[in-house]
Amino acid sequence: MARIHLSKATVTEREEQLVLEALRSGWVAPLGPMVDHFEAEIAERTGVAGALALSSGTAALHLALLHHGVGAGDVVVVPSMTFAATTNAIVYTGATPVFVDSQASDANVDVALMIEAVDALRAEGENVAAVVTVDLYGRAVDYSALVPALAERGIPLVEDAAEALGASLDGEACGSFGSCAAISFNGNKIMTTSGGGMLLSNDTELLSRARYLSTQARQPAPWYEHTEVGYNYRMSNLLAALGIGQLERLDVMIARRREIRDLYADAFADLDGVRLLGRSEGDDDSHDNCWLTGAIVEGREPGFIDRVVEGFNAADIEARHLWKPMHMQPMYASARTFGGDVAAGLFHSGLNLPSGVDLSDDDVTRVIATFRELVTG
Ligand SMILES: *Cc1c(COP(=O)(O)O)cnc(C)c1O
């Protein structure tokens, strides 16, 4: 039996063809017609004014924070439950991340606590230079209270929508909630350019400044003229060609991931103490992109989830722990955290199940049987 992966990309003949076209066109550079086209299509898809194709989602986050002048001496408020890339971008600027706990239902940030954290830090005299949200596993944060609260306080919101392309909230696409947003096309994401990302915004000035910084801050002069430090962050035209093809299939891929989640939900409904993230009572996951399905197993002894992950591995199935919260990471051992027990609890009881479009129905059946055995056996 072949190994079942967590979230493996698939590539069609059409996509191979597009990459070949890009190669043969002579635009073998980090600029070219495929990049322009890809940027326009992603902007249209997410309903923002413009997009800047970059080498990674992390680069997009870095440029977003630089735009807002985030730097040494500042603090940036961010969810604890996220991938390290979110906080790495903050640290690149010299600022200090301050972590906020999750809500139990979907592991997304606890918005009320996030606003509380901002106010508490400001009352202590800290400069909260930005707030970064993360639309975790392809599900939007509840922006209804957060966006006006931050606007009222004059604090910029940067949306880390790396995992959430194609998801939405109340008809607004993920990637459109902050002053700007980062999305990722890394190999395991909902769609891929093998590696890449974009910065999205309605602020065209922000985008043109980021574009300039992403090309080594080169001044418009006949020679290489520089007045400040820049970055080499642009996306290759070859990779944009793959992205254009993948985007054509985004809705089909989301539909398949949803189908897989529905199969898991049905198959585990009778299991004691088992629930899926975003499917708790009162939750509606119909606008999530279902990038990864997270399962929580409650009421077992400590270490139980580690054995479930090991059991999957022994059965040649790749399942993974949820993101280990940043406040539990060795590098942030002394970081300031608001709450933290909920995210820690989710980490100790949760895992991501194989969710990729490469899964056959037989694969899903195998995952279901293995999980049931591990959880009940
Ligand atoms: C994948 C991811 C990123 C980083 O994207 P890259 O393109 O890999 O740099 C940032 N934040 C989150 C939440 C992610 O999942």
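**Entry 1: Terms and model.** Helices are DSSP runs of H or I with at least four residues and strands are runs of E with at least two, both numbered from the N terminus. I am working with a predicted model, in which local features need pLDDT of at least 70 and side-chain atom pairs count only at pLDDT 80 or more, while totals for chains, interfaces and linings use all residues. I number residues from 1 along each chain as its sequence is written, and side-chain values rest on heavy atoms, with hydrogens and water left out.

**Entry 2: The largest pocket.** I looked up the open space that counts as a pocket (on a 1 Å grid over the protein atoms alone, an open set of points with protein on both sides within 12 Å along at least five of seven lines, whereas a cavity is a set where a 1.4 Å probe fits but cannot get out; lining residues have an atom within 4 Å of a point). The largest pocket holds about 310 Å³ of space, a volume being what is filled by probe spheres set on points joined across faces, edges and corners. I noted that 22 residues line this pocket, and that the closest to its centre are F83, A85, A162, S184 and K189. Two or more lining residues are given by each of the elements α3 (57-67), α4 (84-92) and β8 (180-184), and α3 supplies the largest share, which is three residues. Sorted by class, the lining of the largest pocket has seven nonpolar, eleven polar and four charged residues, where Ala, Val, Leu, Ile, Met, Phe, Trp, Tyr, Cys and Pro count as nonpolar, Asp, Glu, Lys and Arg as charged, and the others, Gly among them, as polar.

Entry 3: The largest cavity contains about 70 Å³ of space, and I find it lined by D106, L136, Y137, R139, R261, L277, G278, D288, L292, T293 and G294. I divided that lining by class into four nonpolar, three polar and four charged residues.

**Entry 4: A charged network.** I followed the salt bridges next (a side-chain nitrogen of Lys or Arg within 4 Å of a carboxyl oxygen of Asp or Glu), and the count for the model comes to 23. One network of salt bridges links D106, R139, R261, D262, R279, D283, D285 and D288.

Entry 5: I looked at E248 and R14, a salt bridge in which the closest N and O atoms are 2.6 Å apart. This pair links distant parts of the chain, since E248 belongs to helix α8 and R14 to helix α1, 234 residues apart. E248 counts as partly exposed at 47% relative accessibility (buried is under 20% relative accessible area and exposed over 50%, with partly exposed in between, for a 1.4 Å probe and protein chains only), and R14 is partly exposed too, at 42%.

I turned next to R234 and E39, whose side chains meet in a salt bridge at 2.9 Å, N to O. Because R234 lies in the loop between α7 and α8 and E39 in helix α2, this pair ties together parts 195 residues apart in sequence. Are these two partners buried or exposed? I found R234 buried, with a relative accessible area of 12%, and E39 buried as well, at 6%.

E259 is partly exposed at 43% relative accessible area, whereas R256 counts as buried at 16%.

**Entry 6: Backbone angles in loops.** I looked for positive phi values in residues other than glycine, and one is S194, with phi near 75°. S194 sits in the loop between β8 and β9 (197-201) and is partly exposed, at 47% relative accessible area. Q216 has a positive phi near 65°; I placed Q216 in the loop between α7 (204-214) and α8 (237-248), and at 40% relative accessibility this residue counts as partly exposed.

Entry 7: Lastly I looked up T12, which belongs to the segment before α1 and is partly exposed, with a relative accessible area of 25%. The C-alpha atoms of T12 and A267 are separated by 30 Å, and I noted that the two residues are 255 apart along the chain.
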